Amino acid sequence: MATDSAGTRTEAGLEGIRDGIAQGRFPAHVFNDREIFDTEQRRVFSKAWCFLAHESEIPNRGDYVTRYIADNNLIVARAESGEIHASLNMCRHRGNMMCKSEMGNASHFRCSYHGWVYKNSGELVGVPYMKEGYGGRIDKRDWGLVKVRTDTYAGLVFGTLDPDAPTLEEYLGGFQFYLDLYLKQGSSGSEVHGPPDHWVTETDWKIAAENFSGDGYHTPVAHQFGFNLGYFASSGSTHSQGWAASIPGKGHGIGLGHTPGFPPFAGFPEELAEEMRSSLSPEQVEVFSQTRTAVGTVFPNLSFLMQPFSIVPGEAGVRFVTMRLYHPIGPGRTEMYSWCLVPKDASDEYKQEAYRAYTLAFAQAGTFEQDDLENWARVTRSAGSTMARNIEFPYVMGMDSTPDPDFPGPGHVVTPYVNDSNFRNLWSRWSEYMTGRV
Ligand code: FES
Ligand SMILES: [Fe+2]
């Protein structure tokens, strides 16, 4: 890796960043830097478990979506057997992209260049001119699409390019306890409500991942209008209560906002709240009952948010869940995917209401989304400036917090949730990957 005057691009520089995080410092330039981006592609995204799709996006045989891990375009398809396969969207003959759609249904893919045909599970089944041209020199079993290792948790399909990566269960490392708050809403679980909103923003993926790992600090300021107009069922003065929970050594973190007196499960229809009480563990019910807002990130680039949002200002909020993926497409550039997740068992009426609340708050044109993006784009621009190469940010908030011994959930849990604890854990994990320790 090349050296620059600040020394931050060298291997030693990456080690220095790692040491800095332990002391509560993180450099500005990592949020917009070509070499950091290139290194992330190889060392983070080519090794971690990366989110691909929600199973409910491809419920039927033949359904597929195309998604990325790093810069690799993958076809994520439900095969005839019902199993989900992820295959590199690259013809083995000369490398043409096989599937040009982002989603659809197909039992086979036929290459538009020379006509090789593959099953949606990736096996090569058709080669034009096979006998006359290849004369037996091609064994179709050797030339299927390149497969990517996949695993699932509660409807989430992940993939990893690293054959030596730990199991997904080990990778999540107990964060499942918190993911269930989003994914097991009702005994049948959650499903996507329509396709994702999908757009490109001049924002570094890390800014979004950090924000959603529990940045309660920005909410009363960046989203002030939401409080003022009555969209958000809380007030700035109570916003700092709650917990920041993270899984040490794994990078995952969640902020759990709490407002004293806020009714448990508020914003859900009563019958759904009852179902959740019986399908989650007693410890999860205890956490959920005290949670007004839950905003979390699975390392590296998958986030969730759940909160009540008033469709009509001043009226009771409707609780919705958004799931979002930050696909890095360049230094300081991100392709965003944003879904609304709804409980499968809920009435159509509630699903529509939740989708409306999500759309107003956090879809592409959502009011909260726009507040965030405006700030994130400016952070990204500043981070790419020449002077930013020698600037560090303080990550020392809550450095002396002691874990809450009474909290029923796993991980390192501190209170209040306005705290840098989750961010230090997130960037500490990132630096383990960036320095080649993982
Ligand atoms: S590149 Fe696909 S058949 Fe030639
Ligand atoms: Fe925000």
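User: In which loop is Pro416 placed?
Analyst: Helices (H or I, at least four residues) and strands (E, at least two) are DSSP runs, numbered from the N terminus. On that count, Pro416 falls in the loop between β21 (412–414) and α13 (421–434).

User: What kind of model is this, and how are its residues numbered?
Analyst: This is a predicted model: local features need pLDDT of at least 70, side-chain atom pairs count only at pLDDT 80 or more, and totals for chains, interfaces and linings use all residues. Side-chain values use heavy atoms, with hydrogens and water left out; chains are lettered from A and ligands numbered from 1 in the order in which they are written; residues are numbered from 1 along each chain as its sequence is written.

User: How many helices and strands does the chain have, and what is its radius of gyration?
Analyst: The chain has 13 helices and 21 strands. The globule rule (2.2 Å times the number of residues to the power 0.38) is set against a radius of gyration taken over C-alpha atoms. The rule gives 22 Å for 438 residues, and the chain comes close to it, so it is as compact as a globular protein of that length. Its radius of gyration is 23 Å.

User: What box do the C-alpha atoms fill?
Analyst: The box is taken along the principal axes. Its dimensions are roughly 75 × 60 × 35 Å.

User: What share of the residues is buried?
Analyst: Buried means under 20% relative accessible area, exposed over 50%, partly exposed in between (1.4 Å probe, protein chains only). Of the 438 residues in the chain, the buried share is 57%.

User: Which contacts join residues at least 24 apart, and in what share?
Analyst: Contact means heavy atoms within 4.5 Å. The count takes contacts in the chain between residues at least 6 apart in sequence. Those that join residues at least 24 apart make up 67%.

User: Tyr129 and Phe265 both have a positive phi; which of them is buried?
Analyst: Most residues other than glycine have a negative phi. Tyr129, with phi near 65°, is exposed because its relative accessible area is 61%. Phi of Phe265 is near 60°, in the loop between β15 (253–257) and α9 (270–279). At 3% relative accessibility, the buried residue is Phe265.

User: How far apart in sequence are the parts tied by Glu432 and Arg18?
Analyst: Their salt bridge has its closest N and O atoms 2.7 Å apart. Glu432 lies in helix α13 and Arg18 in helix α1, so the pair ties parts separated in sequence by 414 residues.

User: Is Asp180, which forms a salt bridge with Lys184, buried or exposed?
Analyst: The closest N and O atoms of this pair are 3.7 Å apart. Lys184 is partly exposed, at 31% relative accessibility. Asp180 has 7% relative accessibility, so it counts as buried.

User: Which backbone nitrogen does the side chain of Thr167 reach?
Analyst: Thr167 lies in the loop between β11 (156–160) and α4 (168–172). It touches Trp49 and Arg149, not counting residues up to four places away in sequence. At 3.1 Å, its side chain reaches the backbone nitrogen of Glu170.

Conventions. A polar contact is a pair of N or O atoms within 3.5 Å; within protein, one must be able to donate a hydrogen and the other to accept it, and residues adjacent in sequence count only if both atoms are side-chain atoms. A salt bridge is a side-chain nitrogen of Lys or Arg within 4 Å of a carboxyl oxygen of Asp or Glu.
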